Amino acid sequence: MGAIDALLVQVVYIRPWSTQERSVRVHLSPLLKDGHGGVQPARIGRAVASTIRYRYAAITSLTQPPWKKVILPNPEEEILHHKEVIQQANTMISERDYGRLFAVVQFAARQWKVTAEDLILIEAPLQAECGDRICMEKVLLVGGGNFTLLGRPLLKKDLVRVEATIIEKTETWPKISFHYKARKREQRKHVIATPQTVLRINSIDIAPTLR
Amino acid sequence: MVLLSLALLMRNRGPDRYWKHQELLKHARHFRGRKNRCYSLAIRTVRRAWRYATIGRHLKKRDMRQLWITRIAAGAGEHGLKYSQFITSLLKCQVDLNRKVLADLAITEPKTFKCLAALAERRRQEGFHALLNDKEPPGIFSRIVQQR
């Protein structure tokens, strides 16, 4: 190569984009001693990279992929951050710093967002009697004023305890299922009264520490 | 000899027509006009009302789910996510909260919802990272990767 003039060009691989792209300041001369007028590709010696071929290209719409570059945070910093957060949550839990806790509980084929002293109407019969105290085991989420514990999908039984009492076992008001076709003398009437249970959520407790 | 023909002509339609009508009119007392008092007008309206109530019980479930989805989409939009991205990312994180509860949290527990949105966003970025770094999924061989 002959005398060098500064010409900033991005060196790219033959494929339009790749995560291993590098930008290198390359100096080129427009007039090379061998008489070629245009830009020549640089030949890389075998010692540097034997299998990769370079080609000079201007920065076009295809040099970068159209999606945003994904940058995840540093794993070590993340681990430290997680430890801090868990410690803060542990101190809050051990000092009972939370005010009123709420929980999301899976019960009778539905999910309920529940706090203490709540009344719940469940459209299903329960095998327990009125006045029995029940512990709801499937807890998906527990939260206080400044922290939330999220289960994947459930939280452990020894971590949260949601207790409820059965107050009432009745039936729904008589719902009428009526099928009727006009001018066709077709009608069917069915009165439905399904069983209902009313529960009062007594308390939500979290065990002293996480993990 | 007993003369039966006159007796047979006089049919007894039943002693309790009044009470049967009252049983139906009680379902019509809150209607407007004569159809809350007159049986022949009420019977037609009450039949329609019962039919609409039966159909409405099925529609209510669909409508409620639509409402929850709208609310979740609004909440996720406040945190820079779309509803579909939010829900799929949460499912991939094995968080099994249903739409009713998510809509409730979006309204009453904004901090928790913000954390859920952040979790979904992070899972989404990790998914992109796993795909967009020129690595083939395991078990798939292609010429491009072998050339590299």
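This is a predicted model: local features need pLDDT of at least 70, side-chain atom pairs count only at pLDDT 80 or more; totals for chains, interfaces and linings use all residues.
Residues are numbered from 1 along each chain as its sequence is written, chains are lettered from A and ligands numbered from 1 in the order in which they are written, and side-chain values use heavy atoms, with hydrogens and water left out.

Let's start with the helices. In chain B, helix α3 (residues 39-78) packs against helix α5 (residues 99-108) at an angle of about 45°, and their axes are 9 Å apart. Axes here are lines fitted to C-alpha atoms, for helices over the stretch in contact, and angles run from 0 to 180 degrees between N-to-C directions. Helices (H or I, at least four residues) and strands (E, at least two) are DSSP runs, numbered from the N terminus.

So which residues meet? From α3(B) come R65(B), W68(B), I69(B), R71(B) and I72(B), and from α5(B) come R99(B), K100(B), L102(B), A103(B) and I107(B); contact means heavy atoms within 4.5 Å.

Now over to chain A. Is strand β5 (residues 102-107) mostly covered or mostly open? Mostly covered: 5 of its 6 residues are buried, meaning under 20% relative accessible area, with exposed over 50% and partly exposed in between (1.4 Å probe, protein chains only).

β5(A) has an antiparallel neighbour, strand β6 (residues 110-115) of chain A, joined by 6 bridges. Strands pair if DSSP finds at least two bridges between them. F102(A) stands opposite T115(A) in β6(A). The two strands form a hairpin with 2 residues between them, and A108(A) in the turn has a positive phi of about 55°.

Strand β9 (residues 139-143) of chain A also runs antiparallel to β5(A), with 4 bridges. There, L141(A) is the bridge partner of V104(A).
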